[in-house]
Amino acid sequence: MTIKLLEGERLDELQRNGYRIIQNPHTFCFGMDAVLLSGFARVKPGERALDLGTGTGIIPILLRGKTKGRDFTGLEIQRESADMARRSVAYNHLEDSISIVTGDIKEAAALFGAASFDVVTCNPPYMTGNHGLVNPEQPKAIARHEILCTLEDVIGQTARVLRPGGRFYLVHRPFRLAEIFTCLVQHRLEPKRMRLVYPFADKEPNMVLIEALLGGRSRITVEKPLIVYERPGVYTDEITDIYGY
């Protein structure tokens, strides 16, 4: 299929089912965190999944390739990113199973209705206003800092759009773990599974993957560490498998 690329855009191979995605490196490109979240999340046959803050649609597209979910929705507030996501969906002929909606995470329940999804995923902004320098380029700043939504917004809306027993999958930074768990429990999202991601075996973790169950009982499984690099520039076999190389 021929797709129109706007100035600064490129078409990147996803190493999954021949899928490709439109990105603009001058605004924002997906990172490893999105790919790892798509490998950690579980969408069962017939289930409906929502990705909050979908950006250019990377997580719905990868989940469509990796799972047997019924349909996938991406919610994105930035119109340029949502437009790229829709064109990527069309390029990959996935219009029947992936929908991209332009809208605010804080209004997710109003947009979709209560208890309308079996699974919610999110790769949210990691930093509050007090953490690090804010990127002068607005799209990158919105993706990395809590400018348009907070962790509370994400978790609060997730609890409203998930059906009872539905699952929430989140990738975040370990330094906010206490805050994340507190907020999840306050919204009846019980942490059930967690995996820490380490750049190298002898380094501190720099990402955490979390699964939470709406209305679940208190019990969490901590999975074995996920190591990214065997040595500089060489992925471990598990990372290679997640990427689909």
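How many salt bridges does the structure hold? In this predicted model, the structure holds 16 salt bridges, and a few of them can be followed residue by residue.

One of these pairs joins the side chains of Arg-87 and Glu-9, with a separation of 2.7 Å from N to O. Because Arg-87 belongs to helix α3 (residues 79-91) while Glu-9 sits in the segment before β1 (10-13), the pair ties together parts that lie 78 residues apart in sequence. Arg-87 and Glu-9 are both buried.

Another salt bridge connects Glu-238 with Arg-195, whose closest N and O atoms are 2.9 Å apart. This pair, too, links distant parts of the chain, since Glu-238 is in helix α8 (residues 237-243) and Arg-195 is in strand β8 (residues 189-198), 43 residues apart. Glu-238 has a relative accessibility of 28% and therefore counts as partly exposed, whereas Arg-195, with a relative accessible area of 9%, is buried.

Glu-230 and Arg-231 also form a salt bridge, with 3.4 Å between the closest N and O atoms, and Arg-231, at 47% relative accessibility, counts as partly exposed. Elsewhere, salt bridges that share partners join Glu-47, Asp-118, Arg-163 and Arg-167 into one network.

Turning to helix packing, helix α6 (residues 151-161) packs against helix α7 (residues 177-186) at an angle of about 30°, the axes being 10 Å apart, and α6 passes α7 in a right-handed crossing. On the α6 side, Leu-151, Glu-152 and Ile-155 meet Glu-179, Ile-180, Cys-183 and Leu-184 of α7; by class, this contact comprises five nonpolar residues, two charged residues and no polar ones.

How values were computed: Residues are numbered from 1 along each chain as its sequence is written. This is a predicted model: local features need pLDDT of at least 70, side-chain atom pairs count only at pLDDT 80 or more; totals for chains, interfaces and linings use all residues. Side-chain values use heavy atoms; hydrogens and water are left out. Axes are lines fitted to C-alpha atoms, for helices over the stretch in contact, and angles run from 0 to 180 degrees between N-to-C directions. Helices (H or I, at least four residues) and strands (E, at least two) are DSSP runs, numbered from the N terminus. A crossing is left-handed if the near helix is turned anticlockwise from the far one by less than a right angle, and right-handed if clockwise. Contact means heavy atoms within 4.5 Å. Ala, Val, Leu, Ile, Met, Phe, Trp, Tyr, Cys and Pro count as nonpolar, Asp, Glu, Lys and Arg as charged, and the others, Gly among them, as polar. A salt bridge is a side-chain nitrogen of Lys or Arg within 4 Å of a carboxyl oxygen of Asp or Glu. Buried means under 20% relative accessible area, exposed over 50%, partly exposed in between (1.4 Å probe, protein chains only).
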